[in-house]
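Subject: Structure handover

Hello,

Here is the structure for you to look over. My notes follow below it.

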Amino acid sequence: MELLNNTLAAKYSERALSRCKILSEISEMEGGILRQYLSKEHKACNLTVSDWMTEAGMTTWQDSVGNQWGRIVSANPNAKRLIIGSHLDTVPNAGAYDGILGVLLAVELAALVTELQIELPFHLDVVGFCDEEGTRFATTLIGSKALAGEFSPDWLALTDVNGVSMEQAMTEFGLTPNDYSSSALKPEELIAYWEAHIEQGPVLESVDQALGVVTAIAGAKRAIISFIGHSGHAGTTPMHLRKDSLAAAAEFIVSIEQLAKNSKNGEVATVGQIEAKPGATNVIPGKTLMSLDIRAQNAPDLDALLSDIRSSVEKIVEERNLAFDWQWTHQAGAVDCDEEIQQLFKSACVANSEDSPFLPSGAGHDAMAIAKVCPIGMLFLRSPKGISHHPSESVIDGDVTKALSVLYTALIKQKNASL
Ligand code: HGY
Ligand code: MN
Ligand code: MN
């Protein structure tokens, strides 16, 4: 039977929501949600989710980079792997659902397989990724890139705001830093990777739809850009003799915003972090560091915006007689979701009387890293007011129930197709 009983759907989705609340309390931040890679909160979260996975009838393990896994073991001796999951880390002052809900819906799906004694011809593997946001070490998709065999050993030397290296933090977490490659997946073992995730934007709400089938995930690039001028006395240095790095960064930030606003296909650019040094009221900032995050639905559009932004920074530093440094910290190309999985999710939505639209994702997701080793599919849940990366991020309980029902139907369809 491809449709999930409504009572079960409501009961299990309700538990997923209450567990999002429980995990939101495992936070480094007073009065808000922050859970960073390799923190003690990451460890506590993995242990809690591991217990829930065990309750769901799964065998559990943590891999060599700190991803949390659970498996409903198939009786089929040649079983391949269907992986479903999302991430368990957060941005600072996060909402309770970004990533988290996708992991917990996958755990509930596994619990339903156990409860209903469904025999699957493939292993059902649930993964809670350890670092999708890149909050602690600037680079991002660490857990999923490791699965795709793309963990860079250079990352081990990256340090956090306290000067702790990833290598040190991995060791303190109980991992063996140089064993990162053992978490890489074998493509020949994989059927697909599915991810349920909140949309984090306004589209589904604008068409009054609970769910959406994702067609593609925007490409993203991140950099740290430093303006190098000259510190000086705020009172004695005439304006025309200054090399003010913060004023240069400010001019650049406004230029970035204008270039993105004028972009061809809705490309976006964000400066989320800035630091002026030495950082005193009466000292002209000699050095200013700022972050840059740019996104586009395809590589040519991303490169076009980037080229305009580079021309702008070169013009600004020349006019102000400053220097600049540009360090890439993250690049993930735009990826398409697998056509067949899109159709599978769409038919599962229709079977559950959902007229769910197809839509692209402006946000990045672990699925874009996993796309390197197997076909990917994503199911979006409506984000009320399009709010995310904010404490008032929310979901509608009924939408979560629908998402679980659609995932269940898709799983049964996948089972029947794999027999
Ligand atoms: O930034 C993103 O798109 C994702 O939330 N990490
Ligand atoms: Mn996020
Ligand atoms: Mn996310």
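A donor here is an N, O or S atom within 2.8 Å of the metal (3.2 Å for Na, K and Ca); water is not among the atoms, so sites may look incomplete. With that in place, the donors of the manganese ion (ligand 2) follow the spacing D-x34-E-x255-H along the chain.

Conventions first. This is a predicted model, in which local features need pLDDT of at least 70 and side-chain atom pairs count only at pLDDT 80 or more, while totals for chains, interfaces and linings use all residues. Residues are numbered from 1 along each chain as its sequence is written, chains are lettered from A and ligands numbered from 1 in the order in which they are written, and side-chain values use heavy atoms, with hydrogens and water left out.

**Manganese ion (ligand 2)**

Three residues coordinate this ion at 2.1 Å: Asp98 through OD, Glu133 through OE and His389 through NE2. Asp98 and His389 link distant parts of the chain, 291 residues apart. Asp98 sits in the loop between strand 3 (81-87) and helix 3 (100-115). His389 sits in the loop between strand 16 (376-381) and helix 11 (397-418). Helices (H or I, at least four residues) and strands (E, at least two) are DSSP runs, numbered from the N terminus.

Accessibility also needs its cut-offs: buried means under 20% relative accessible area, exposed over 50%, partly exposed in between (1.4 Å probe, protein chains only). Asp98 is buried at 6%. His389 is partly exposed at 42%.

**Manganese ion (ligand 3)**

The protein donors are His87 (NE2), Asp98 (OD) and His197 (NE2), 2.1 to 2.3 Å from the ion. Their sequence spacing reads H-x10-D-x98-H. Asp98 and His197 again join distant parts of the chain, 99 residues apart. His197 belongs to strand 5 (residues 190-198). His197 is buried, with a relative accessible area of 2%.

Which residue bridges the two manganese ions? Asp98 does, and the ions lie 3.4 Å apart.

Cys20 is in none; its nearest cysteine sulfur, in Cys45, is 10 Å away. Cys20 is buried, at 1% relative accessibility. For Cys349, the closest cysteine sulfur is that of Cys337, at 13 Å, which is too far for a bond. Cys349 is buried too, at 0%.

Best wishes

Note on methods: A disulfide is a pair of cysteine sulfur atoms within 2.5 Å.
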